[in-house]
Amino acid sequence: MNYLSVENITKFYGERVLFENISFGINKDQKIAFIAKNGTGKTSLLNIIAGIESPDSGQIVFRKGLNVVYLAQKESLNPDFTIEEAVFNSDNPMLKIVEQYEHALLNMEDADAYQKAFDLMEQHQAWDFDTQYKQILSKLKFEDHSVKIKTLSGGQKKRLSLAIALINKPDLLILDEPTNHLDLEMIEWLESYFKKQNITLFMVTHDRYFLERVCNEIMELDEGKIYKYKGNYSYYLEKKAERIELEKVTLGKAKQLFKKELDWMRKQPKARTTKSKSRIDDFYKIKEKAFQRRNDHKVQLEMNMERLGSKIVEMHHVDKSFDALKILQDFTYTFKRGERIGIIGKNGTGKSTFLEILTKQIPPDAGKVIVGDTVKFGYYRQSGIYVKPGQKVIEVIKEFGEYIPLAKGQKLSAGNLLERFLFNRKKQYDYVEKLSGGELKRLFLCTVLIQNPNFLILDEPTNDLDIVTLNVLENFLLDFQGNLIVVSHDRYFMDKIVDHLFVFKGNGLVEDFPGNYTDYRAYEDSKPVIKETVAIKETVSENKTSYEETKKLKREFGQLEKDIERLQAKKKRIEEAFLNPNLSPEKIAEMGEELEQIRKQIEQKEERWLEVSMMLE
């Protein structure tokens, strides 16, 4: 079933053509990843499909009544809403029913209103929906739904926008970098959620494991053309390599034909017959094809960085806390030359703070940090770079350095470094304000690298970078001979670049794990599973409920007991009715379905009863 058709759309950015006359369709149950270089219009294309922007030509044709939800990179939530109000601020009829029921739970004294709300939940079988929306909020770390949105961080707002998009269960979900601002646990949950759900996706993401495990089709915009690959990321890599190899063969044949036709052209035929004019026209087409070049870059650098001495960095018995939040407790580690360390952990466990202590941006509460005399840090921060208005790309990087010294007395100029990171000569003289978000990140990386550090620290370097740039960065880092620390939620990137991990567990605990991320997940998955009831109890003990919340829970607990008792009685009546020998097959089938629904409701309510009872302990 076709959901929408993109028909010959073109989009300009100033005088620059982002894409021209591209066409494709999206069908039910497809999970499509859209891949293209930064600055080629990925976000513009998503905005056009979502109706936020208009194409300069062409059109989008939607199936009638299609429910489309778009999760943009920048959230657009009402800051004065609470989390609960933001969730229920929707046209989704099921959410309206759940909202009415939630409100009735808080006002149990109005028995008629409660009964009406309960009957609506029964009539529309909204119990599953009620459970699912709470599970989604819980998985994305929203426990207190009364919090105002204006008090949330940027990452929390992005997560809430994601939660709202999932809760609304659209026919088509459009996602722009959905894994940004999610920690690894959340990413893996989202991955699992999309794999299980029958949902149609069209997304831009740089997370290659996500692409591998979720998507069933890859669509690439390359050199202005759309290429489709009906498979996951591994299949895409294989088939793209075959396509490029075929293009090389075709290009070789075109060059041979060009030489042959060039000889004919040089003879300057005097007789301009219709046939010869046609051949002349064909010659210019052959010439254009023969001189096509792919804009692929591979970094192979042997940098002549300042040699690291025997002492790199030592951290002795380091403590750090912010009020009651412990970041480090008695942390000791001596860095060795050439180490490549990845840092992982949930958001808020102190990964970025650790980097600032390591580089002496902030002092520890106790202990000491000793940095060797030969260490030269290069620090890529999430916050990005400040750029003066009116600056050109090349001017920005030259403020930090003119060149990187290479082996054998050679140099890599600032312009050449920019070229390697996909800024061609023309792009280098663009004004910085014209760059996309991903291009700004690339430029910031270049300003760090041009300083020729021997201890490189990268805090979430993969956010907003396209897959092409990530491959360039990975090649660069594989050539890098100094020390490297990377904080990233990009599992593919971590597996390729680092060889052991610091795992931030929270409450000041940091585990040193000898392996990459995949090794760590295999190790964690091999541990015995803790019973869910114990996990619930531990979570509850860490998050004490407020007085108002306790009152609400007590009311819900009492109502759950009544609901379970009522459903059990209803179940018993149906079971007794089955003893009637005069029942028709149709009636038996109907009663069987009703009994199954009641069993499910009892199971859900008993699970919630157990959870609430533990919260009230």
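Reader: Among contacts in the chain between residues at least 6 apart in sequence, what share joins residues at least 24 apart?

Author: Good place to start! This is a predicted model, and its chain holds 20 helices and 20 strands. Counting contacts between residues at least 6 apart in sequence, the share that joins residues at least 24 apart is 68%.

Reader: How much of the chain is buried?

Author: A residue counts as buried when its relative accessible area is under 20%. The chain has 617 residues, and the buried part of them comes to 47%.

Reader: How are helix 6 and helix 7 oriented to each other: roughly parallel or roughly antiparallel?

Author: Helix 6 (residues 154-167) and helix 7 (residues 184-196) have axes 13 Å apart and pack at an angle of about 15°. Angles under 35 degrees count as roughly parallel. Therefore helix 6 and helix 7 are roughly parallel.

Reader: Which residues of helix 6 make the contact with helix 7?

Author: The two helices meet in a left-handed crossing. On the helix 7 side, the contact involves Met-186, Trp-189, Leu-190, Tyr-193 and Phe-194. Facing them from helix 6 are Arg-159, Leu-162 and Leu-166.

Conventions. Residues are numbered from 1 along each chain as its sequence is written. This is a predicted model: local features need pLDDT of at least 70, side-chain atom pairs count only at pLDDT 80 or more; totals for chains, interfaces and linings use all residues. Side-chain values use heavy atoms; hydrogens and water are left out. Helices (H or I, at least four residues) and strands (E, at least two) are DSSP runs, numbered from the N terminus. Buried means under 20% relative accessible area, exposed over 50%, partly exposed in between (1.4 Å probe, protein chains only). Contact means heavy atoms within 4.5 Å. Axes are lines fitted to C-alpha atoms, for helices over the stretch in contact, and angles run from 0 to 180 degrees between N-to-C directions. Angles under 35 degrees count as roughly parallel, over 145 as roughly antiparallel, 65 to 115 as roughly perpendicular and the rest as oblique. A crossing is left-handed if the near helix is turned anticlockwise from the far one by less than a right angle, and right-handed if clockwise.
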